[in-house]
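Dear colleague,

Please find below the structure that I am handing over to you. My notes on it follow directly after.

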Amino acid sequence: MTQNIEKFDVIVVGAGPAGNAAAYTLAKAGKKVLQLERGEYPGSKNVQGAILYADALEKIIPDFRDSAPLERTVIEQRMWVMEDESYVGTTFRSDRFNQMPGNRYTIIRARFDKWFSEQVQKAGALVICEMTVIALLRDAAGKVIGVEVDREDGKIYADTVILADGVNSLVASRAGLREDIKPAAVALAVKETIFLPKETVEARFNLKGSEGVVIEMLGSISQGMAGTAFLYTNKDSISLGIGCMLSDMKAQNTTPAELLEKLKQHPSVAPLIAGGETREYAAHLIPEGGYHALPELYGEGWLLVGDSAGFVNAVHREGSNLAMTSGRLAAETLLELGEKGLPSTAANLARYKARLEDSIVLKDLKKYRNIPDTLHSQRQFLSDYPALLNGAAHEFFTVDGQDKATKEKAIFNAFRERRSLLGLLGDAYRLWRATR
Amino acid sequence: MMKVEEKLFQNRYRVDADRPHIRIKNESVCNDGCVSRACVVCCPAGCWSFEEGKIGLITDGCLECGTCRVVCDTHGNVDWNYPRAGFGILFKFG
């Protein structure tokens, strides 16, 4: 490849949501784009729950609904706070939410990423699969000027390199652009894709047509670890998974596979997946360190987007939308520089960060900047309160001859015993502080 | 209870025979210098084992998540790479 000294405007490393958004936006605007993907096809190495938030994709491909492989339109969202044999939950199901066009969809990433990549190629980018970037090329002054791939003479040059190589971002950390991820800033999630007849999915979740349900769960299922679980309905399958902070997983003895098995056996979950056939088991790290754990997002000739940059809102379970938005904003930054005839220096690429700060990506991460620390240090939110809530519900809904005033007192005493009056007030304050 | 081996059996892999993509830098660090061996518990694919005082690693079922490298932050004893391009896990659904 050195022989014909072909040079690209931009090289995008990785073909997930962030890389695809960047490559698509740049190619569509006429830039000469090379996108490199280590998997056999785009999607073959990618894992997500997965929920697709329409807004982020709509801003890139407005008519995506016409051709994208969507599983179900999410019309009902449940949140379950769980104890070993029960849950207290909320359900939001609304006909207004139900009106087309949908706000969020369940997707199967291997299928979705393949579709997204086809759009990238149609827009004019050169996409090469089964090619792994092993290093960044730099000039004498240290500016990134291209990448080296795992082929002989594998040097490829570009004005700018966008790193969309995912949560592990080996390329960026080996090049010294960022530190490796820390156990306290990342969650490990495991998931099974469990197949059931379409009619069974619809009957079990009270759905018709392409309607879908998501259930987010927390409480005893994470065994005291900071973590959540999820159940998403696809057309003829269910995605069921659980994720916990790696720093917590490190300090206990249950394997991720066992954790998932226990979730499958929970009396509230088991009937929903009964008779299903597991056809895949996947695992993935999720960068949940939030705002305070963000690395440098740009430098001389390079930009980080998506999971490689740590753009995940753990509270709202948003990641792929932030990935797509950051990919688009990176591309738009480069288009702006191109129009003005400016080079990809760090000083000029600072406009990327300004765009992020003006968008949902950094606004939301900033809002929840204290959540990771609060959950690490204040375990009561994940263990005591789910237990207390379920105990309170049990007391409240059991008619057993006891008068209601005595029941209320018993509930209140249970809270006070476990957390003390000051503790309860402090918790309310901490929760308010962490989310403002 | 479905065992991890049964779960992995459902997956599609293209195994790069005799070319493990993850290596232990120094086995004696695992065997003698590490008490937690968090890799053994945390690896979602059960690739790591510790039996009869010896650490073991078989990467055939690896899901390429990166967990073993990240949990080994105190010792930094995991030489972690992706499999060669085209090899490793091939997610059907992802």
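Predicted model: local features only at pLDDT ≥ 70, side-chain atom pairs only at ≥ 80, totals over all residues.

Residues are numbered from 1 along each chain as its sequence is written, chains are lettered from A and ligands numbered from 1 in the order in which they are written, and side-chain values use heavy atoms, with hydrogens and water left out.

Domains of chain A

Chain A is assigned domain 1 (7-71 + 107-179 + 295-358), domain 2 (184-287) and domain 3 (372-435); such bounds come from an automatic or database domain assignment. Taken over C-alpha atoms, the centres of domain 1 and domain 3 of chain A are 44 Å apart. An unreviewed UniProt entry annotates residues 8-325 of chain A as "domain: FAD-binding"; UniProt positions are given in the numbering used here, feature names are shortened, and annotations may be inferred rather than shown by experiment. That span is 23% helix and 35% strand, and its end C-alpha atoms lie 23 Å apart. Helices (H or I, at least four residues) and strands (E, at least two) are DSSP runs, numbered from the N terminus.

Cavities

A cavity is a set of points, on a 1 Å grid over the protein atoms alone, where a 1.4 Å probe fits but cannot get out; its lining residues have an atom within 4 Å of a point. Points are joined across faces, edges and corners, and a volume is the space filled by probe spheres set on them. Three cavities of 30 Å³ or more were found.

The largest cavity has a volume of about 80 Å³. Its lining comprises 14 residues, with B:I22, B:C43, B:C62, B:C65 and B:C68 nearest the centre. Eleven of the lining residues are nonpolar, two polar and one charged, where Ala, Val, Leu, Ile, Met, Phe, Trp, Tyr, Cys and Pro count as nonpolar, Asp, Glu, Lys and Arg as charged, and the others, Gly among them, as polar.

The second largest cavity holds about 40 Å³. Its lining includes A:R109, A:K191, A:N234, B:F93 and B:G94, and by class it has four nonpolar, six polar and two charged residues. Because domain 1 and domain 2 of chain A both give residues to this lining, the second largest cavity lies between them.

Aromatic pairs

Rings of Phe, Tyr and Trp (its six-membered ring) pair if their centres lie within 6.5 Å; planes under 30 degrees apart count as stacked, over 60 as edge-to-face and the rest as tilted. Over all chains there are ten aromatic pairs. A:F64 and A:Y105 are edge-to-face, since their ring centres are 6.2 Å apart and their planes at 85°. A:F64 lies in the loop between helix 2 (54-58) and strand 4 (72-83) of chain A, and A:Y105 in strand 6 (residues 104-106), so the pair ties together parts 41 residues apart in sequence. Buried means under 20% relative accessible area, exposed over 50% and partly exposed in between (1.4 Å probe, protein chains only). A:F64 is buried at 0%, as is A:Y105 at 2%.

A:F112 and A:F116 form another edge-to-face pair, 5.9 Å centre to centre with 65° between the planes. Both lie in helix 4 (residues 109-122) of chain A, four residues apart, about one turn of the helix. Ring pairs link A:F112, A:W115 and A:F116 into a cluster.

Helix 8 of chain A

Seven of the ten residues of helix 8 (residues 256-265) of chain A are buried, so this helix is largely enclosed by the rest of the structure. Among them are A:L259, A:L260, A:E261 and A:K264.

Yours sincerely

Conventions:
1 Å grid on protein atoms, 1.4 Å probe; cavity = no way out; pocket = protein on both sides within 12 Å on 5 of 7 lines; lining within 4 Å.
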